[in-house]
Amino acid sequence: MVIPVNPPHLDRTSPPQPTEAGPCPAPALPEGVRVRVARVVYEDQRAVAELVPRLTGRQATGADPLPVEPAEMAPELLHALRREIRALPDETRLLLLLAAADQYPVATHAFLRAVTAGRLDTRPLETAEAAGVAHAGVCGVFFRDPWTRIAAYETGSPADRRAAHLLLARVLGGKGETARRSWHRGAAALGPSARLAAELRTAADRARSERRPALARALAERAAELCPDPAEEARLLALAAADAWRSGEPDRARRLAARTDNTALNGVLALRAGDAAEAFDALLSAAVRQERSADAVELLALATEAALYTGDLRRCREAHVLAQWLDLPPAGILAALARAVEGRYADARVLLKSTAGRCGPGGDPALLIHSGIAALLLGDHTRAVAATLRAAASARSRGIPGTVAQAMEFRAYADFWTGRPRAAEAAAQEALRQAYATGQDNGACHLQAALAMFAAVTGDEEACRERAAAARSHALAHGLGLPAALAQWALAFLDLAGGRFPAAAARLRALAGFGPGHGHRAIRHLATPHYVEAAVRTGDTRVARAAHADYDRWATAVRSPDELALSARCRALLAPGAEAVQHYRCALDLHARGTRDFERARTELLFGGALRRLRQRTEARDRLHSALEAFESFDAPHCAAQARAELRALGTPLTAHSGTDPAAVLTAQQLMVARMAAEGATNREIADRLNLSPRTIDHHLRGVFSRLGIRSRIELVRLLGESP
């Protein structure tokens, strides 16, 4: 039995040498399988090279779990390392065995105490150091690499291993060491023992309550091995599987789960890596069996996530009805989604506000993720970022790495809207790696779709199409309407930003027609402003007006400045001639109170184009320059190209230099802000004087720096001092 990846602070091994460790060189494997292969063998390239050819066809595609026992992964490597260990003197091998037992498969930090208690001479370790196998330090023994540590443990005879575990158990008597002492007692057992199994289960329960799921998994699995009662053994295996999943051991979790018939557990695994519709059914069924317990509330929350992933939000009503029947508080955003599906937007807003408010420090990461989702639906991106970041921090502190990736899935939306595509892309890439490593292929699919959207914003067409294709392929095979719709939206936005308006309109019309498992009502709703823009550009406004009417109802109900701004922009696009101007002004006033800076820039772009056509050249120039500066700061080249095309149509120069008179290139408000900044006023002070938000002042200063070709306030002071 082995924990595939020990936490870094528990893994007493020297860093692997460059020739021994590296990325998995198996490009034929799917990305998720490649990441898990590398992780399960401790990133050791020797083991990777041995394991990959041993994989079955189903393991190579991710359909079956990977091997988790060392002998199944790299037997030849272990054989060579065991031969190296056996060549050492007996005294050295016994000390290495004791050190390995203290670290593998559970780290207990008792080696030095065991040496003292056993009156052992540590000088024989010098031989191991001379052989390059391990070296002694002030905190114990550090092995050359994890596989050498495993070999040192497995080279010992059963009797020697048992003696090592008993010695370690004897010295683990301090506060907080009960669970690890129980581990060693269980590891030293000669056969089944109901008493030891009960002790290990109690220790596992304690470790679980102390938020140490990796330790809880090892204890529960050992308890199952020692348990003589088949029914209790099945319960212990289910607990071990759940702990393995929480601690980021997906392949072990799936192997353990396969030995049980636990509906709830199978539902969780299906939600994260299988068919989302099947997951919903399993989780709802399990909730019914749990009836009025805390577990039933948690299962309903997971069922809500399954409904979100499928895009079949009507199933939220089923779960909501069940919660009422069981007299349970609705989990997370369940009741709000049920109301939204019924078109009761005002009621949905009240429930979402309540859920979004549960994002204080600490707390259950799952509830914080629901809080973040609720904030996103309300258009409150600041709160969405706060909730998802706190969810990730809470998950890390609890030792559940998979939940970190889940939090980052939904943070990606807020990052996109607030104009941070590059930073968001980096965070999503890391979350994608984490999702794959922890076996969350469905979450990875969602992140692939988010990365497709970031690529669309930054103009990387090849990456956008590649990511979108990968996301849609997995999504359609697993009934995931959310990432399928997001990937389609990314492709549509790529077309929209590239001026391919008929293609964008066609994709967004198709998005509206997708059913559960192929599309998503929330994504269709969020994409409405882009659809209206594409439809107007192609002269097809009939469906766009109907879509905008529903969007406006939602924006009015949730009262989000950003949603209201986009609704006003849609109204401007659908209005004739000069009538649109007032709607654009209203939209920009609302944007100034919101956080969706990227969409604000798109509104300025559209407004500038409308002003140009109305021959209001001065304001058109200012709006288009402002949009161009924003797109350049967001690294959105396609949108920037559209702004430049509009400026060229005005006959406006597109470059500015530091020698230029500021008054000639800045708008009146930009010049006012620049002068206050040059006088030393902070963004907050300027905002207070002009009755604007600090975000708006920051936006203006970015434009000032861009137009003047400068990078700092010091240069601004010099330039304004030189100007007449």
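A residue counts as buried under 20% relative accessible area, as exposed over 50%, and as partly exposed in between (1.4 Å probe, protein chains only). The model is predicted: local features need pLDDT of at least 70, side-chain atom pairs count only at pLDDT 80 or more, and totals for chains, interfaces and linings use all residues. Residues are numbered from 1 along each chain as its sequence is written, and side-chain values use heavy atoms, with hydrogens and water left out.

**Salt bridges**
- The structure holds 47 salt bridges, each a side-chain nitrogen of Lys or Arg within 4 Å of a carboxyl oxygen of Asp or Glu.
- Arginine 612 and glutamate 646 form one of them (2.6 Å, N to O).
- This pair links distant parts of the chain, 34 residues apart: arginine 612 is in helix 35 (residues 597-613) and glutamate 646 in helix 37 (residues 637-650).
- Helices here are DSSP runs (H or I, at least four residues), numbered from the N terminus.
- Glutamate 646 is buried, at 14% relative accessibility, whereas arginine 612 is partly exposed, at 26%.
- Arginine 315 forms a salt bridge with aspartate 281, with the closest N and O atoms 2.4 Å apart.

**Nonpolar cores**
- A nonpolar core is a set of buried Ala, Val, Leu, Ile, Met, Phe, Trp, Tyr and Cys residues joined through side-chain atoms within 4.5 Å.
- The largest has 167 residues, and those with the most contacts inside it are Leu219, Trp489, Ile523 and Phe631.
- A second, separate core of 47 residues includes Leu81, Ala100, Ala151 and Ala164.

Technical notes
Helix = DSSP H or I, 4+ residues; strand = E, 2+ residues; numbered from the N terminus.
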